[in-house]
Amino acid sequence: MNVQQHRQLTDSIWDIANRLRGPYRPPQYRLVMLPIVVLRRFDCVLEATKGAVLAKHEELQAKGVDDKTAAKLLTKAADPKRSQPLYNTSPYTFEKLLGDSENIAPNLVAYINGFSETARAIFEKFKFSDQIEKLDSSNRLFKIVQEMSEVDLHPDTVDNLQMGYLFEHLVMKFNEQANEEAGDHFTPREVIKLMANLIYTDEEDVFKPGIFRTIYDPTCGTGGMLSESEKHILDQNSAANLALYGQEYNDESWAICASDMLIKDEETDNIFLGDTLGDGKTYDGFEGEQFHYLMANPPFGVEWKDQKTVVEQEAKTLGFDGRFGAGLPAINDGSLLFLQHMISKMHASPDDGGEGSKIAIVFNGSPLFSGDAGSGPSNIRRWIIENDWLDAIIALPDQLFYNTGIYTYVWLVTNRKADHRKGQIQLIDGTLFCQRMAKSLNNKRHEITEKQISDLTKLYGEFKDGAKAEVVVDKKTKETEVRTVSRIFKNHEFGFLKVVVERPLRMNFEASPDRIAKLDDQSAFANLAVSKKRKDPATIAKEEAEGKALQDTLKALLGTLAPKGRYMDRETFEADFSAAAKQAGQKIAAPIKKAIFAALGERDQKAEICTDARGNPEADSELRDTENIPLPADITLPQDFIDQISKDENAAHKGAVLPMFFGPDKPNDLLVKTMRPTIEAYLDYEVRPHVGQAWVDYTKTKVGYEIPINRHFYVYKPPRALGKIESDISKLEDSIAAQLKGLVE
């Protein structure tokens, strides 16, 4: 791309946009500038054959040719090589519009109405007609059209790639003005280029002449990923047959993407307008379809409340026959919903007789580790990893996106891993593969160079554990270090069993005045002197008096146990208390008894263990702990579980490597049975030597999966020497003293 030309072009259009100030605030410029740029682009494309189209239109009208046939013939009149309908039957061009300044508004409307049906639909989504009257009444329309007519947007001058950059730059600027949500709408082209390089690495078939492949982006925005992906393939295989598909929920972004597709003579019907997840009115535009390559940058950190009803209903009723059987993420981040959606659109794997598919998706850090074991995000990660679909994760630099400075990650997911990659996941640390931009663009201060894209792609392709690279660790001083930037792990290394470890409850009991006084803080005991009546004062007073008398009786009864001192065994204390109550003729209700034990008891590790009615130790909730036990490398599934997942109705679970079905709220009986030896061995080695008599509450055992990528590339930096710190402090103190002295003098 010609960078100088791009800057001149964007500066010119932004200067034109600034003429809207007054009737429009800067965040509203998009309402005019995006559609008029598309209109000018169409005008430049069609201007050369305008006469031929008008002549053909007149001829067809005279013959009474039907609209469908006429559309095909007019398309060929505009461009004999074209198959998608793009023409204009009005007498106007930008130049002719300027010839009648008094009627420019109605003439511009007529010009837009003269386009082919597909092109008209684009301007309808822009809602540009709503702005024409406003522009005209504010005396801005003629000047905007006049200045845009001087901008040459013909494909021979501004190719489709550069036009894509132009649109995305404008969208970025408008989003900046409107303070759009982080990660929404726009992905830097170098990130898209990196994703394209990664997703097509080792994909030999796609570079065979004549090959047919489909590419899909469920959050396509202005179509940058589709265009860059197409370009990457065609640059190396011009004979490839590619079909691009996308879905976008924003009208403006959809219109830009559709206009780009139309100018490139590609099927605009493949770009669907609507909410990919489903919001009750719009839906997945490609239900039941599969694609070879899928790329996306879904909005990260964005709530999915608007889609909640549809998504939860699909998950509940369809399970794995739908898109969201593996689980649902937290409501404040729907990123993993999009990945599940994309996985549902993969072709069957080669092992199942299909061609398989490959996915590249950009996430923030949340999908790596959000959610506890057994939660929706963890269950989704388990489903992906145990099915051996997660191929690699590449950590990207911060300050790379235009409207957020956070770190981001490219996930590569596929059901056709090469043999040498099966059962393994590659992590690549690309956080230092960037350079500082000469001039920042909003939050974007870093960019990935062509060489760095090549280096990251090579690291992925070579698939080497421990691969190193020289990286710049200080952008100011240009200091470099050689660091490990590629690590390879077995799938099971990201999984763990979360077990609840209990320790026995030990308590002493004493009927001392201080402890008896604590009874008043126990709600069950205090409520004895509170009447449940509401209206009868006499009854209320009577009940409260009776309750207070009972409280005094119980305290006196307990006082009879004071001479026996401190009990180190709850069973002995309970026996003595029960005998005293029986002798006093008092029947103690269970809640009151519980309150007495709570007030008079204190935890004491020297006391005897408290047991339940069956003689089993009671757990001390204050000493309760959890342990994350790594999954063993080899897990033998029980035959009854193998038999279950072999059934046709359980085909979605055949990839499980743990004896528990995928998805939320699954029974863990078989899991516990299988993993008990592993868990007990862990306790014997790691826990019981330090904490005796610990046991596991197996009913609470859960499976967790997380990907702590940063931990695996952490580089320890020792603190500065104390002498150096002391020296710096002394210098700072001297400097402050000198400044204060100057103030006094």
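## Salt bridges across the chain

Lys555 is partly exposed, with a relative accessible area of 23%. In this predicted model, the side chain of Lys555 pairs up with Asp520 in a salt bridge, 3.0 Å from N to O. Since Lys555 sits in helix α21 (residues 537–559) and Asp520 in the loop between α19 (513–517) and α20 (523–526), the bridge ties together parts that are 35 residues apart in sequence. Asp520 is partly exposed too, at 41% relative accessibility.

That's one of 50 salt bridges counted here. Here are a few pairs side by side:

| Pair | N to O distance |
|---|---|
| Arg30 and Glu252 | 2.6 Å |
| Glu502 and Arg624 | 2.8 Å |
| Lys555 and Asp520 | 3.0 Å |

Now for Arg30 and Glu252, whose closest N and O atoms are 2.6 Å apart. This one links distant parts of the chain: Arg30 belongs to helix α2 (residues 30–46) and Glu252 to helix α13 (residues 251–263), 222 residues apart. Are these two buried or exposed? Both Arg30 and Glu252 are buried.

Glu502 and Arg624 also meet through their side chains, at 2.8 Å from N to O. Glu502 is buried, at a relative accessible area of 3%, while Arg624 is partly exposed at 37%.

Definitions and conventions
Residues are numbered from 1 along each chain as its sequence is written. This is a predicted model: local features need pLDDT of at least 70, side-chain atom pairs count only at pLDDT 80 or more; totals for chains, interfaces and linings use all residues. Side-chain values use heavy atoms; hydrogens and water are left out. A salt bridge is a side-chain nitrogen of Lys or Arg within 4 Å of a carboxyl oxygen of Asp or Glu. Helices (H or I, at least four residues) and strands (E, at least two) are DSSP runs, numbered from the N terminus. Buried means under 20% relative accessible area, exposed over 50%, partly exposed in between (1.4 Å probe, protein chains only).
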